[in-house]
Amino acid sequence: MRRKFKTGIGKRVSAVMRGNEGASIVLVTIISILIITGVIILRTTTSALWASADKQLNQDQAYEMATSMGNSLDVLIINKKQIPLDTIAQSTGSIVSLTNIDSLPKGTIGATVSKNSTNNVYTVKVEAKVANASYVYTAKYTGSGNEYKRQY
């Protein structure tokens with residue numbers, strides 16, 4: 001006895017699947033492969049995005065450390081007149097060097113001073129590193145003793 005089905009793709013597929021069990025196994029296998037492939041692609045994409053986000057976080061932290069230290073040194077050099085650049089440039093050249101920072105165990109920061117003897121310009125360089133990212137903040141000053149002006 002034959003059944004009559006209404007026209008439509010869903011009804012035709014249903015009729016073919018009922019009549020051929022092998023075809024339904026093939027269809028289920030294809031659908032399973034597509035789902036597994038989709039999951040693998042999503043997992044790979046998610047891992048790549050997380051790695052990129054971690055790298056960006058390290059770059060942002062290095063930038064914040066260097067600019068914050070640079071701005072603080074700027075205030076101490078110009079406004080408070082507490083850092084004699086000429087004395088530091090003639091001796092060690094190092095203002096500060098910090099490692100094993102509490103909030104950033106993989107972070108280091110250092111500030112150095114160098115003097116260009118031809119035009120008497122002092123360069124303060126602050127370099128911050130967090131994990132594999134680094135940022136360098138540079139500021140130039142003119143003057144002597146405790147009186148310095150920032151060059152832009």
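Modeller: Accessible areas here come from the Shrake-Rupley method with a 1.4 Å probe. Keep in mind that this is a predicted model. On that basis the protein chain exposes about 11000 Å². Carbon and sulfur atoms supply 57% of that area.

Colleague: How many of the 152 residues count as buried, in percent?
Modeller: 22% of them.

Colleague: And what does the secondary structure come to?
Modeller: The protein chain has 3 helices and 5 strands. Along the sequence the pattern reads α-α-α-β-β-β-β-β.

Colleague: In what order do the strands sit in the sheet?
Modeller: β1-β2-β3-β4-β5, as an open sheet with antiparallel pairing. The edge strands are β1 (94-98) and β5, each pairing on one side only. On average, neighbouring strands are turned by 25° against each other, direction ignored.

Colleague: Take β3 and β4. Over how many bridges do they pair?
Modeller: 10 bridges, in the antiparallel sense. Tyr122 has Tyr141 of β4 as its bridge partner. Val121 has Thr142 of β4. The hairpin of β3 and β4 has 2 residues between the strands, and Ala131 takes a positive phi near 55° there.

Colleague: And β4 with β5, how many bridges?
Modeller: 5 bridges, again antiparallel. Gly143 stands opposite Tyr148 in β5, and Tyr141 stands opposite Arg150 in β5. These two strands also form a hairpin with 2 residues between them. Gly145, in the turn, has a positive phi of about 65°.

Colleague: Which residues of β5 are on the covered face?
Modeller: Tyr148 and Arg150. The uncovered face carries Glu147, Lys149 and Gln151.

Colleague: Switching to aromatics. How many aromatic pairs does the structure hold?
Modeller: There are 2 aromatic pairs. In one, the rings of Tyr63 and Tyr135 have their centres 5.0 Å apart. Their planes are at 80°, so this pair is edge-to-face.

Colleague: Why does 80° make it edge-to-face?
Modeller: Because plane angles over 60 degrees count as edge-to-face, and the planes of Tyr63 and Tyr135 are at 80°.

Colleague: Where do those two sit in the chain?
Modeller: Tyr63 is in helix α2 (residues 21-79), and Tyr135 is in strand β4 (residues 133-144). They are 72 residues apart, so the pair links distant parts of the chain.

Colleague: How accessible are they?
Modeller: Tyr63 is partly exposed, with a relative accessible area of 39%. Tyr135 is partly exposed too, with 31%.

Colleague: What about the pair of Tyr122 and Tyr148, how far apart are the ring centres?
Modeller: 5.6 Å, with the planes at 90°, so that pair is edge-to-face as well. Tyr122 lies in strand β3 (residues 121-130) and Tyr148 in strand β5 (residues 147-151). The pair therefore ties together parts that are 26 residues apart in sequence.

Colleague: Are Tyr122 and Tyr148 buried or exposed?
Modeller: Both are buried.

Colleague: On to the core. How many residues are in the largest nonpolar core?
Modeller: It has 22 residues. Those with the most contacts inside it are Leu73, Ile77, Leu85, Val124, Val126 and Tyr141.

Colleague: Which elements give two or more residues to it?
Modeller: α2, α3 (85-90), β2 (107-116), β3 and β4. The largest share comes from α2, with 6 residues.

Colleague: Tyr141 keeps turning up. What is it in contact with, neighbours within four places in sequence left aside?
Modeller: Quite a list. Asp74, Ile77, Ile78 and Leu85 are among its contacts. Asn120, Val121, Tyr122 and Val124 are also on the list.

Colleague: Last one. What share of the chain's contacts with a separation of 6 or more comes from residues 24 or more positions apart?
Modeller: Such residues account for 41% of those contacts.

Notes: Residues numbered from 1 in each chain as written. Predicted model: local features only at pLDDT ≥ 70, side-chain atom pairs only at ≥ 80, totals over all residues. Heavy atoms only, no water. Phe/Tyr/Trp six-rings, centres within 6.5 Å; stacked < 30°, edge-to-face > 60°. Helix = DSSP H or I, 4+ residues; strand = E, 2+ residues; numbered from the N terminus. Buried < 20%, exposed > 50% of the residue type's maximum accessible area, 1.4 Å probe, protein only. Pairing = 2+ DSSP bridges. Contact = heavy atoms within 4.5 Å. Core = buried A, V, L, I, M, F, W, Y, C linked by side-chain atoms within 4.5 Å. Axes fitted to C-alpha atoms, helices over the stretch in contact; angles between N-to-C directions.
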